[in-house]
Amino acid sequence: MVKVAVLGYGTVGSGVVEVIESNNAQVSRSAGEEMHVKYILDLRDFPEDPYGDRVVHDINLILEDPEISIVCEVMGGTGAAYQFSKQALEAGKSVCTSNKELVAKHGPELLALAREHNCNYLFEASVGGGIPVIRPINSSLTAEKILSIQGIVNGTTNYILTKMGSQGADFEDVLKQAQELGYAERNPEADVEGHDACRKLAILSSLMTGKNVDSDQIYTEGITRITTADFDYAKAAGMTIKLLAIGRLTEEGRVLAMVAPFLVGNTHPLAMVNDVFNAIFITGNMLGDSMYYGRGAGKLPTASAVVSDVIDCARNQGRTIPCFWDSESAEVADVSETEQRYFLRVKASAKAEAEAAFPGRILELPGRQEDFGLFTGAMKEKDFNEKYSSLGDRALGRIRLA
Ligand SMILES: NC(=O)c1ccc[n+]([C@@H]2O[C@H](COP(=O)([O-])OP(=O)(O)OC[C@H]3O[C@@H](n4cnc5c(N)ncnc54)[C@H](OP(=O)(O)O)[C@@H]3O)[C@@H](O)[C@H]2O)c1
């Protein structure tokens with residue numbers, strides 16, 4: 001029998017217990033042995049809960065129990081979660097997690113610890129919730145040189161942008177709706193400023209290169225400056241706006257890693273990913289494009305991904321599944337030196353100046369006199385920024401083209 005401990009009995013933790021218990025026949029058959037949740041660690045007690053009798057408060061009970069071979073860390077954060085994960089791996093217990101913040105910050109160290117102790121540190125649920133994406137990168141795509149990964153990896157911002165586009169509503173109004181529906185946190189900063197997507201991109205681009213891409217090195221821009229006017233222009237151009245996390249190998253062998261809103265043509269597969277859904281679009285040098293789509297968060301989808309890792313750990317006891325993510329830093333490209341194409345919105349009074357600075361395609365909307373849109377050709381980000389800032393407050397906004 002495989003005995004499991006779950007650390008953190010919140011949204012994902014209660015889902016992990018539910019998946020293992022209610023799908024027990026399927027889970028046990030897949031694992032090759034019967035699976036049982038022996039302990040649930042949490043700060044609180046859950047006297048009314050059907051599994052309340054398994055709740056404990058002392059991590060040492062779990063660490064010192066030789067029957068526990070797999071631990072699910074679904075507490076979140078980088079404090080106790082980091083300590084407990086390290087201690088479990090040092091005790092030879094595999095750790096499965098949905099904690100992207102911890103994986104992004106300490107992934108290489110925890111993977112090395114797992115190798116040292118012949119166990120596993122697995123994190124399928126840390127990117128894309130229930131969508132299989134880490135396992136495909138680590139197993140199905142191992143013959144590929146992955147050239148780029150482009151993803152919609154944050155459901156909250158995708159919901160907000162989808163509704164801004166379909167309802168013509170303001171950012172603040174849709175954010176409020178999303179909070180009422182439970183899709184956005186009361187403090188939405190990590191989502192709307194792009195930090196959550198940045199952590200996920202740190203994980204994806206580290207796996208893409210095999211070296212460490214630190215989230216601090218990733219250029220990150222959120223969606224708070226996107227307006228309904230931007231969507232009006234996007235629609236007129238046959239496009240939409242998505243917050244993309246992009247990791248791409250450059251010709252010089254560096255990795256370009258950035259999170260920002262992008263204009264995406266309506267025929268691009270990522271343009272069709274709406275509401276809270278996520279998708280990750282991977283381009284390999286042999287396979288070409290492949291896309292992974294589904295529910296990027298939520299109790300049961302995320303828990304299902306954690307349990308799939310638990311099953312992998314049960315199938316690979318005493319053996320570490322290869323995962324290439326070294327502690328050596330990847331060479332990250334300077335975004336200001338890269339070439340992009342841009343859409344900019346400019347006050348009508350600056351038309352002559354903007355046209356001279358950015359030779360490109362003009363887009364004017366019927367009945368709209370106060371501003372106009374302009375699509376540039378490919379230009380270096382730093383050159384664009386210089387010219388854009390010379391327009392001062394007559395430049396109303398800019399979005400890169402995917
Ligand atoms: N929710 C999702 O859809 C989702 C999707 C993908 C990934 N994730 C990630 O999964 C992780 C868990 O998320 P969640 O939504 O399940 O969070 P959550 O609902 O807040 O659950 C966390 C649980 O851990 C407990 N906990 C915190 N510190 C603890 C400690 N030191 N010892 C014991 N228990 C402790 C919390 O107790 P208290 O409530 O008493 O503090 C809470 O019950 C996070 O890293 C999150 O980013 C979540």
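Me: What makes the residues of the shell around the ligand divide into nonpolar, polar and charged?
Reply: The class follows from residue type: Ala, Val, Leu, Ile, Met, Phe, Trp, Tyr, Cys and Pro count as nonpolar, Asp, Glu, Lys and Arg as charged, and the others, Gly among them, as polar. On that basis the shell around the ligand has nine nonpolar, ten polar and three charged residues. This is a predicted model, in which local features need pLDDT of at least 70 and side-chain atom pairs count only at pLDDT 80 or more, while totals for chains, interfaces and linings use all residues. Residues are numbered from 1 along each chain as its sequence is written.

Me: How many residues surround the ligand, and which are the closest?
Reply: The shell holds 22 residues, and the closest are Gly 8, Gly 10, Thr 11, Gly 76 and Ala 297. A residue is near a molecule if its C-beta atom, placed from the backbone, lies within 6 Å of it. Helix 1 (residues 11-22) gives the most to this shell, with three residues; helices are DSSP runs of H or I with at least four residues, strands are runs of E with at least two, and both are numbered from the N terminus.

Me: Why is helix 4 called roughly parallel to helix 5?
Reply: The axes of helix 4 (residues 80-90) and helix 5 (residues 100-116) come within 10 Å and cross at roughly 15°. Angles run from 0 to 180 degrees between N-to-C directions, and axes are lines fitted to C-alpha atoms over the stretch in contact. Because angles under 35 degrees count as roughly parallel, over 145 as roughly antiparallel, 65 to 115 as roughly perpendicular and the rest as oblique, helix 4 is roughly parallel to helix 5.

Me: Which residues of helix 4 and helix 5 meet?
Reply: Ala 81, Tyr 82, Ser 85, Lys 86, Leu 89 and Glu 90 of helix 4 meet Leu 102, His 106, Leu 110, Leu 113 and Ala 114 of helix 5. Contact requires C-beta atoms, placed from the backbone, to lie within 7 Å. By class, this contact has seven nonpolar, two polar and two charged residues.

Me: How many residues of domain 2 are in contact with domain 3?
Reply: 14 residues of domain 2 are in contact with ten residues of domain 3. By class, the side of domain 2 that touches domain 3 has ten nonpolar, one polar and three charged residues.

Conventions
Contact = placed C-beta atoms within 7 Å.
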